[in-house]
Every structure is written in C-alpha cells, then in structure tokens.
Amino acid sequence: MVKFVKSIPMALAAAAILAVTPVPEGANLTSVAFAQDEAPKKKQKTRKVQAIPLAFQKKLEKIQETLQPEEMSEADLEATKTQRLARAIELLDDALEGRGVNDYARSIVYQYKAQVAFERDDTRGAIEAFETVLQFKESIPVAQEHGIMYNLAQLYYSVEELDKAIDYAQRWEAAVSEVDPALIGVTQKIFIGQLYYMKEDYGRTLEYIDAAIADAEAVDTIEVKENWYGLKLSAHYERSEFPQVRDTLITMIVNWPAPNYWVQLASVYQEMGEDESFYSLMEAAYKQGFLDEKPAQLVNVAQIQISRDAPIKCAWILNRALNEKLIEDTAENQKLLGQCYMAASDYRRALDPLSAAAEKDSDGDLWLQIGQVQMQVDRYEDAEKSFTKMQKAFEDDEENADKNAAKLLAGVMMHGQVLTELKRFDDAKRMFSKASRLSKTSRDRGAVASWRKYLAAEEAREQMLTGR
C-alpha cells in the first residue's frame, strides 16, 4: 500500500500567520499607542514632557487640517491625497525650522512624517521617521515610546527584516514588562510568536502561542482564533512532536471541523504507528465526503481496504470515484480497480478495468494476467486476443527482453493451450513451435513436448468425432 502523504503543508502555516497591518489605515500616527487586551492595569511609569510653543501648536493644527480636512468627502480626500501629503511634508519641514522647537515638538513632527510615509505606502520612510522619534525618547511619554517600538516591530516584519522586527519586539516586551507584564496581551504574544516562527525558532513560537491561548481561554471577552492553533500545529509538526500535533488537531476538529484536519489527523496516527486509528479516521473522512475533492486520498482510502482484508470495498470506492470522475481514468487507477476485484475473487468484473489499463500502457505483464483470468472463466476467444497483445508488448520491449523471456515463454505456451481449446490446431502447432524455440532449459522443452502430445491427442479425437 502506498504510504499516506503525511506532511502538513507549509500553506497551513502561512494561513495561520495573521496578516499584520503595522498601523491601521487612516490612523493618526502623532499619537501612537500599542493595542492592549483586557487586563488589569497598574500605574504606569510617567515621564515629564516639554511644553509645546504656541506658534508650533498653530502649525500643527494647520498640518492636521491639511492631512484630514473637515467637511470633505471620501472621494475628494482620495482625489487630493497626493497634493495634501506633499503640502503636509512642506509644512512639517517648515515646522522643524521654527524658533523654540524642542525635542518633544520634533518627535511630533516625525510622527506626522511617519503617518505621511505610511499613507504613501512608503514603509521604509515610516520606519526611518519612527526611529528618528526614538532619538527623542526621553522627551516623549513612556506609553508613546512603547507604542512606537511595537509599530517598528510590525513595520520591519512587513518588509521581511525579521531580525530587526524581533529586536524591536524584544525591546518593547522588556520595556512594557517593567511597567506591568499584564500589558503584554494576547494580540502581542501571537504577533511575537509569528516572528519566531518565521525565524524557525519553533520552541519560542510555542512559548508565545501557548501563553496567548491560555490568556484568551481565561477570559470571556477574547475569542480564541483558529489560525492561532494552526500556527501551534505547524510549530509542533516542525519539531516532530506528533503527540502534540495529534492533540492540537483534535482540538481543531472539535472547534473548527474542517475536512483537512481529519485527513491530517489520520496521517499523524499513521506516523505514530497507530494504523487502526489511521484506517478508521480515513474511512470516517471518506464517508463524510471530505475526500471527494482529493483524488490521491480517495485512492489511498481504497488501498486501505486491501490492508483491512476488504478488497471488495476497495473496488466499490474506486468504481464510484471513476464513474463520478473524482479520480482520473488512468492506467494505474484502472489496474488498481481490477486488482481489487481480483483480490475479492470477482474475476469477471476484474477483466474490464485490467484490460483498460493494459491498453493504455501496452503492459505485457498485465495482458498475461488478463489472459490467465479469461482462461479460468472459459473466455477463450478473449484470452487468445490478450495473449496476442501480450506477445507484442513483450517483443516490442527489447530493452527488457532477458527479464521478460520466462514470462513470454509462459504466455506463448498458454496461448497454444487456448488455441487447442478453440480447435485451431494448426495455429496451436505454430504456437508450440514458437514456445520450443523460446525454451532455454530441458524442463521448458519437456513442458512444451507434453503440450504437443496433448494437442495431437485432441486433434485426433476431433477427427474421430467429426469423421474427417
């Protein structure tokens, strides 16, 4: 039996990784704060910030009005976007050059620059602006500094610079932990787990994903997501932790009963050597229609029936799949169908699929088998045609002539027997003469001689009966 394809596709891991949007579209980056899940909050560390000069405040108001003018429709906002952003940059540069501009004011300008870059889809520009803000971190609120570090982790993730993304995530986590570890919520743990997964650090991935799931399950206000378990599943699989893969899949089947999870769970049981559980799950998946769009697995579940000494069920599955075009009408599938009928001793039904397979592949071995079955069910005319095709297939395969020599001899001798039963005595004599030429051992020649004697006796009896 072909071993079941056991790998959990990397596509599953990709689907499990959330699409991280570094900053929500349209967000005002002048007041960045990291998302927090519901959790008790302690009094946070504070930092005294500088006062903003009045003249600078007025410039900020003008910049804000340029970026988000009041009483303008969405269509007009989009139409004027390029001009508005360009004008905002001019105003921001002008604001930086004003008198009395302190570090806090500069940090606000660069947060606006980050917003403009983000709206221009200029991720690198947004990163540069945010990193400039951190140069003034002693002049901005602590929570704002934390939010910018977290956003930088997300931005670096979006441009696939994972080392820098992880560095900022670690810096953010360490800083927030000093304030209150409870502020590191489920969303953040999932995100950091994703970063470690992309770096192939599956142990750290599981630390964060498991912690996030535990936190979410502890409260009623946070929904546990299927893709969190998908990431957990992939991390365990990469570590070859099959008992944990099994347990994770069972949880996923209970909560999100997708067809793929049944098949994957079956493959895990096979990997663990629990064949009966593997067989049972595959059959259950088949009966629920979960395999109807998975040709390879339909064939596999049919093969399972042979292993379970139920070859007729193998034939039923394959016959339905071929009739409903759920699997391709290939020589291999037709041959398997025929072999299932053969194993079930239903020789007559085996002949059509076996013949179809032999025709497709010009398979001498298969034509030999078909001819033998046809002899057993007294279909001598059909057997004669099969042995003719067998000889042609073997003789055309010059490369494997030596390997096929014994089979060709056996087939030619059976061809002679069939011709004898059909009372085509002259043709039978020619066939046994060919068998004699093909014989390499005294045993083979003795067998041919015995069949020639039988042929002579049958011909004599026929002459006596017919008076010829």
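In which handedness of crossing does α15 pass α16? The answer is a left-handed crossing, a label used if the near helix is turned anticlockwise from the far one by less than a right angle (right-handed if clockwise). This is a predicted model, where local features need pLDDT of at least 70, side-chain atom pairs count only at pLDDT 80 or more, and totals for chains, interfaces and linings use all residues. Residues are numbered from 1 along each chain as its sequence is written, and side-chain values use heavy atoms, with hydrogens and water left out.

**Helices α15 and α16**

- Helix α15 covers residues 295-307 and helix α16 covers residues 311-323; helices here are DSSP runs (H or I, at least four residues), numbered from the N terminus.
- Their axes sit 6 Å apart at an angle of about 160°, where axes are lines fitted to C-alpha atoms over the stretch in contact and angles run from 0 to 180 degrees between N-to-C directions.
- So α15 and α16 are roughly antiparallel to each other (angles over 145 degrees).
- In α15, L298, V299, V301, A302, Q305 and I306 meet P311, K313, C314, I317, L318 and A321 of α16 (contact means heavy atoms within 4.5 Å).

**Helices α7 and α8**

- The axes of α7 (residues 142-158) and α8 (residues 162-179) come within 8 Å and cross at roughly 160°.
- That makes α7 roughly antiparallel to α8.
- Here too you'll find a left-handed crossing, as α7 passes α8.
- Residues of α7 in the contact include H146, M149 and Y150, while α8 brings in, among others, R171 and W172.

Methods: Helices (H or I, at least four residues) and strands (E, at least two) are DSSP runs, numbered from the N terminus. Angles under 35 degrees count as roughly parallel, over 145 as roughly antiparallel, 65 to 115 as roughly perpendicular and the rest as oblique.
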